[in-house]
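Subject: Structure handover

Hi,

Here is the structure for you to open alongside this email. Please keep the viewer up while you read.

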Amino acid sequence: RTRIERLYPSPDGRRVAVAWIYGEGGTFVSILDVNTGILTPLFGDSAQIDQRVYFLDWSPDGNSVLVLGNVDNPDLRYSAWLVDVNTHAYQAVGIKQNENRVPVITGASFSPDGQEIAYAQYECARCTSEIWRISLDGSSKQLLFQHSLDEIEEVKWSPRGDLIAFVKWRLSYPPTFPLGELWVMNADGSNSRQLSSILTGPKYELGYGFT
């Protein structure tokens with residue numbers, strides 16, 4: 001059974017990244033050309049690799065997609081990859097998950113100039129979560145935010161590049177709809193502050209409500 005998980009329009013509006021779920025096989029990403037209606041696998045039709053990945057973000061110019069290899073993917077697992085949607089060429093960026101599946105990458109976002117990425121990771125439920133800022137070429141990496149209990153997700157860089165927004169919430173037992181929080185901070189990690197409380201949902205049970 002196949003279903004569409006989510007649609008991600010490119011910044012220039014020419015394409016849409018389509019996240020698919022094929023039964024129990026995992027998540028795949030295809031690129032839909034808005035003008036022609038042609039749907040193409042992210043890595044191309046002839047790629048001899050396992051294409052199971054999670055969508056993270058579009059590059060600001062709309063020519064590349066940042067994805068995270070599925071943990072069961074023998075070719076791309078544990079790493080984030082920048083994929084050119086025109087040529088299907090791909091390269092690893094400095095975002096990795098450990099082979100024991102922690103820390104888990106929960107979101108990533110490009111800076112407006114496309115030279116940096118902010119991403120969130122957590123070690124386990126009720127463990128440390130962090131937001132990092134890295135350069136695309138790997139020359140710099142900076143810890144921006146850390147919390148010892150709450151999970152951090154949905155990291156988004158502002159269009160002007162001065163702020164980074166994120167969602168912070170705590171898993172409850174038994175699972176219910178925990179109350180999440182919408183936060184922003186300066187792009188250098190300073191002046192973090194809560195904007196609002198928002199209703200969220202357990203990741204693997206009832207779905208999110210904060211997007």
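First, the ground rules. This is a predicted model, in which local features need pLDDT of at least 70, side-chain atom pairs count only at pLDDT 80 or more, and totals for chains, interfaces and linings use all residues. Residues are numbered from 1 along each chain as its sequence is written, and side-chain values use heavy atoms, with hydrogens and water left out.

**Overall**

The protein has 16 strands and 0 helices. Both are DSSP runs numbered from the N terminus: helices (H or I) of at least four residues, strands (E) of at least two. The protein has 211 residues, and 46% of them count as buried. Buried means under 20% relative accessible area, exposed means over 50%, and partly exposed is in between (1.4 Å probe, protein chains only). The exposed surface comes to about 10,800 Å². Carbon and sulfur atoms supply 49% of that. These areas come from the Shrake-Rupley method with a 1.4 Å probe.

Now the contacts, meaning heavy atoms within 4.5 Å. Take those with a separation of 6 or more: residues 24 or more positions apart account for 32% of them.

**Leu163**

Look at strand E14, residues 163-169, where Leu163 lies. Leu163 has a relative accessible area of 23%, so it counts as partly exposed. Ala187 is 24 residues away in sequence, yet the two C-alpha atoms are 4.8 Å apart. Leaving aside neighbours within four places in sequence, Leu163 contacts Lys156, Trp157, Ser158, Met185, Asn186, Ala187 and Arg193.

**Salt bridges**

How many salt bridges does a search of the whole structure find? There are 5. The criterion is a side-chain nitrogen of Lys or Arg within 4 Å of a carboxyl oxygen of Asp or Glu.

- Arg52 pairs with Asp50, with the closest N and O atoms 2.7 Å apart. Both Arg52 and Asp50 are buried.
- Glu116 pairs with Arg133, with the closest N and O atoms 2.7 Å apart. This pair links distant parts of the chain: Glu116 is in strand E10 (residues 116-122) and Arg133 in strand E11 (residues 129-135), 17 residues apart. Glu116 and Arg133 are both buried.
- Glu181 pairs with Lys168, with the closest N and O atoms 3.2 Å apart. Glu181 lies in strand E15 (residues 179-186) and Lys168 in strand E14, so the pair ties together parts 13 residues apart in sequence. Lys168 is buried, with a relative accessible area of 5%.

Best wishes
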